[in-house]
Amino acid sequence: MKRVDQRAWLFLIPALVVLSLNAFIPLMTVVNYSVQDILPGLGAVWVGFDNFENVLRDPSFRGALTRQLGFSALILLIQVPLGILVALGMPKKGWPATAALVTIGLPLLIPWNVVGIIWRVFTRSDIGIVPFLFDRFGYVYNIANSPADAYWTVVMMDVWHWTPLIALLAYSGLNAIPDAFYQAARIDGATRWRTFWVVTLPRLRNVLTIGILLRFMDSFRIYIEISLLTGGGPGRTTAFVSDLLVNRAVGGFEFGYAAALSLIYFFIIIVISYLFFLVLTNVGTSSQMQGGDA
Amino acid sequence: MARIELSGVSHRYGNDEWAIRDVNVVWEDGVASALLGPSGSGKTTVLDIISGLLRPTEGRVLVDGRDVTGLNARERNVAQVFQFPVMYETLNVFDNLAFPLRNQRMPEAEVRQRVEATAELMGLTDLLRRNAHRLGAAEQQRVSLARGIVRKDISAVLLDEPLTVIDPQAKWHLRRQLKALHERTGITMIYVTHDQHEALTFADQVTVMNLGAVVQTGTPTELHERPRRPFIGYFIGSPGMNLLEAEVGEDGVRVGPLTVAYEPGVAKRLAGEEALQLGIRPEYVEASSRPLEGGTEAMVEDVDTTGHSLIVHARMGEAPLKVTMDEAATVASGDSLWIRFPAEHVNLYAAGERIEVNA
Amino acid sequence: MRRVFTPRNVLMAVYLIFLAAPLLWMLSMSFKPNAEILETRALFPQTPTLENYAEIFTQPAWRESFVNSLIYVAMNVVITLIVAIPAAYAFSRYTFRGDRHLFFWLLTNRMAPGAVFLLPFFQLYSNIGLFDTHLAVALAHTLFSVPLAIWILEGFMSGIPMEIDETAYVDGYSFPRFFYRIFMPLIGPGIGVAAFFSFLFSWVELLFARTLTSTAAKPIVVQLSRSLGAEGWDWGVIAAAGVLMIVPGALLIYFVRDYLAKGFALGRV
């Protein structure tokens with residue numbers, strides 16, 4: 001059993017030092033910016049919570065946030081089951097397993113801007129193969145003009161890019177389930193579906209937790225791939241919160257607004273992640289071996 | 001309840017070495033039996049073949065005379081308990097027990113009745129509403145076992161080293177519960193273990209395996225007193241049996257300066273045997289500080305105490321010998337000890353196989 | 001023959017086609033001249049060329065940036081492991097006040113939205129004189145890699161019974177010796193997996209890598225974006241660079257494949 005010992009904090013010192021340096025100081029700087037209004041050439045003026053209020057009242061913000069929530073929910077709903085299915089389908093031993101591992105991992109290894117670019121080439125009306133294929137089936141695919149096309153392409157791009165993360169994590173988790181559990185389920189006459197629900201899924205909970213949290217966090221901050229693929233368009237269809245952020249921070253010189261937006265955004269991510277974290281790690285915690293009869 | 005038989009069963013995994021070769025064993029209906037052997041002897045393979053998790057490369061599995069080799073695990077209606085508790089963690093104890101029954105689409109009222117009856121049998125009634133993962137290891141194993149026997153018409157309960165992860169004091173409890181369960185229900189039970197103590201205290205019939213083959217099947221007493229191979233002599237009993245080189249003499253079998261007397265007919269029968277060995281358990285060696293008639297002297301090299309007896313490491317001529325003596329005996333290193341081998345406790349082996357000399 | 005078309009196999013086949021299509025397209029693009037890319041849509045290059053690869057291999061800018069990326073990613077992996085292993089040990093073996101919350105806080109470092117936070121990072125690293133160094137990027141990336149590494153390592157460590165620690169003490173091992181000779185070999189797979197994921201996220205990260213470097217430590221991801229010039233994108237070269245960037249990662253997957261396949265439950269069994 002784990003020992004109770006407050007001195008365990010000592011083991012954490014290297015980690016805390018490194019992370020504090022990176023986390024604390026920039027955070028304070030951003031907070032600093034968020035409560036000021038920086039007028040180029042004239043210096044900074046304290047404005048208290050004005051920036052925050054502006055953000056919260058801004059319809060652009062609410063629109064972007066809504067689209068963002070929709071996007072993140074959608075990709076989680078697609079990527080998690082798909083990743084698990086892929087993991088279930090991957091071979092477990094021998095060279096096919098190696099080949100599968102390497103192949104499936106490839107999308108993860110591509111720099112994010114290249115991902116955006118590839119999909120751009122893929123889907124451009126003039127040189128892309130996707131519009132070409134759709135055309136053969138009688139559908140006019142136009143990523144620049146059709147909001148639906150753009151939105152679903154962005155979703156597909158993210159699914160293509162990140163499902164392997166879930167698949168790899170789930171694959172490892174699956175291999176850690178001892179055979180005896182499946183054997184017992186066979187003896188108990190459980191169908192494959194039932195076995196999946198009572199044996200496989202509960203034992204995947206830990207890997208899935210980290211997978212879901214990572215995907216949620218990253219999907220909420222997605223920027224470069226979409227920027228390169230659709231630029232946020234058409235209109236605002238694929239413009240999520242990061243897009244808004246970059247526009248205000250870089251384009252519009254509204255740094256105070258951008259800083260406040262960042263903080264609000266950060267806060268939202270933390271809250272939702274925390275909820276995920278609580279739910280996923282508390283629902284039926286995996287068994288702890290306790291020797292002897294209680 | 002059923003009579004289980006393995007006939008000519010051999011198995012290999014893929015193209016690997018043969019895991020088990022030509023196994024022929026019968027477990028009578030209702031027997032409490034143990035499958036004993038060191039790691040890698042093939043015991044788990046045998047168990048998985050009986051339960052239907054594994055289909056043997058060769059041979060047949062018969063239940064009550066019927067060939068069930070083609071049936072899968074579910075169809076064979078056996079219960080299997082594994083080395084570590086296998087629970088459906090998201091379900092409570094009641095639902096765990098009900099699981100196999102509900103898969104059979106048993107009516108809920110009947111499910112309830114059987115679950116409660118089984119829980120009562122296993123002393124789990126208070127825990128029925130508890131979540132499975134909150135139990136300790138021993139309780140979880142009981143639940144695993146209960147889930148095995150909750151179904152009707154179980155042919156056998158197979159246990160694969162079920163006490164491996166249990167704490168020592170809980171082990172004893174659980175062993176007694178298993179024995180009690182067997183007495184109450186009369187189900188055929190096959191208990192796989194590498195621990196000879198567990199095997200001998202639980203089972204009425206023990207099958208010893210080594211290197212993929214069955215070495216001997218018998219009662220604990222038979223295995224203890226008349227092991228068929230020296231290997232069993234070592235493996236069973238603590239400390240293991242002494243094994244000494246022997247020769248056939250005129251009036252019996254000679255081990256160094258010591259002779260074990262036999263009737264003349266016996267000596268003649270043994271005359272042609274090569275590689276004769278004599279086995280005797282340390283607890284049966286007669287030892288005394290005073291001269292024994294027909295015995296010989298041995299030099300004491302070392303004395304160990306187990307807490308309730310002494311294990312004397314002695315040397316008779318060239319041969320090392322272990323003798324178990326009463327704790328109160330005064331023996332020390334360097335002493336000279338008189339020893340004698342009573343014929344009724346001696347086992348003779350020719351080329352590794354036991355020879356029956358008591359006609 | 002019927003057995004081949006199971007739902008599972010069909011699904012896997014469809015997924016693999018989906019997965020491979022953009023990759024194959026990228027591969028094919030890397031062997032085409034820009035003109036052809038903009039004109040035709042054939043899978044096989046009609047006028048295959050190695051000029052894209054040639055440019056990458058000959059131009060020092062590409063070579064250097066590739067090396068730069070490798071350097072800071074390697075540094076990141078090393079620092080991350082050094083920092084994460086003891087931390088994971090603490091989480092795995094001890095309960096202490098605030099442990100779960102601390103763990104969540106570690107994760108929150110990964111949640112900060114990019115654009116705005118970049119400027120303070122730039123200022124911070126400039127102030128401490130680390131701007132445009134490999135170390136800067138490596139350190140900045142630890143913000144993301146450490147929490148994940150701790151999570152993975154803690155999972156592996158929890159799979160090792162505490163009896164082993166206790167037995168070692170009884171046998172007279174001092175803590176450092178125990179940790180180094182007994183414990184670390186046991187969590188080898190965990191270290192491999194943690195290293196892999198740290199590598200992964202650091203290798204492909206763009207924003208911080210770009211912000212904290214200019215010329216001396218310019219990473220390849222930045223060099224890539226240089227190819228997005230005003231005259232149009234240098235498609236062929238970008239594709240070739242993309243293909244080459246996959247190589248180290250693919251090699252790494254290959255090397256840790258046993259650890260990934262062996263399985264980690266990230267929690268006690």
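Reader: Which residue is the bridge partner of A:V4 in β1(C)?
Author: C:T95 is the bridge partner of A:V4. Keep in mind that this is a predicted model.

Reader: What makes strand β1 of chain A and strand β1 of chain C a pair?
Author: The cut-off is at least two bridges between the strands. Residues 3-4 of chain A and residues 94-95 of chain C share two bridges. Two meets the cut-off, so the strands count as paired. They run in the parallel sense.

Reader: How many residues does each chain bring to the contact of chain A with chain C?
Author: Chain A gives 81 residues and chain C gives 78. On the side of chain A, 59 are nonpolar, 16 polar and six charged.

Reader: What makes a residue of that contact count as touching?
Author: Its C-beta atom, placed from the backbone, must lie within 7 Å of that of the other residue.

Reader: How do you know how far to trust chain C?
Author: Look at pLDDT, the predictor's confidence on a scale from 0 to 100. The mean for chain C is 83, and 94% of its residues reach 70 or more. Confidence is highest in helix α4 of chain C (residues 60-93), at a mean of 90. Strand β2 of chain C (residues 228-229) has the lowest, at 64. Where pLDDT is low, the coordinates should not be read in detail. For the model as a whole, ipTM is 0.86 and pTM is 0.83.

Reader: Why are β6 and β10 of chain B said to stand at the edges?
Author: Start with the order, β6-β7-β8-β3-β9-β10, in an open sheet of six strands. β6 (78-81) and β10 (213-218) each have a single partner strand, so one side of each lacks a neighbour in the sheet. The pairing here is mixed. On average, neighbouring strands are turned by 15° against each other, direction ignored.

Reader: What makes β7 and β8 of chain B a pair?
Author: Five bridges join β7 (residues 156-160) to β8 (residues 188-193), in the parallel sense. At least two are needed, so the test is passed. Within the pair, B:V157 stands opposite B:M189. Helix α5 of chain B (residues 137-149) packs on this sheet and touches β6 and β7. The direction of helix α5 makes about 170° with that of β6(B).

Reader: How many bridges join β17 to β20 in chain B?
Author: Four, with the strands running antiparallel. Four is at least two, so β17 (residues 296-305) and β20 (residues 336-340) count as paired. In β20(B), B:S336 is the bridge partner of B:M299.

Reader: What are the bounds of domain 1 and domain 2 of chain A?
Author: Domain 1 takes 25-57 + 252-282, and domain 2 takes 74-240, according to the domain assignment. Their centres, over C-alpha atoms, are 31 Å apart. Each domain brings seven residues to their contact. On the side of domain 1, five are nonpolar, two polar and none charged.

Technical notes
Residues numbered from 1 in each chain as written. Chains lettered and ligands numbered in written order. Predicted model: local features only at pLDDT ≥ 70, side-chain atom pairs only at ≥ 80, totals over all residues. Domains from an automatic or database assignment. Contact = placed C-beta atoms within 7 Å. Nonpolar A, V, L, I, M, F, W, Y, C, P; charged D, E, K, R; others polar. Axes fitted to C-alpha atoms, helices over the stretch in contact; angles between N-to-C directions.
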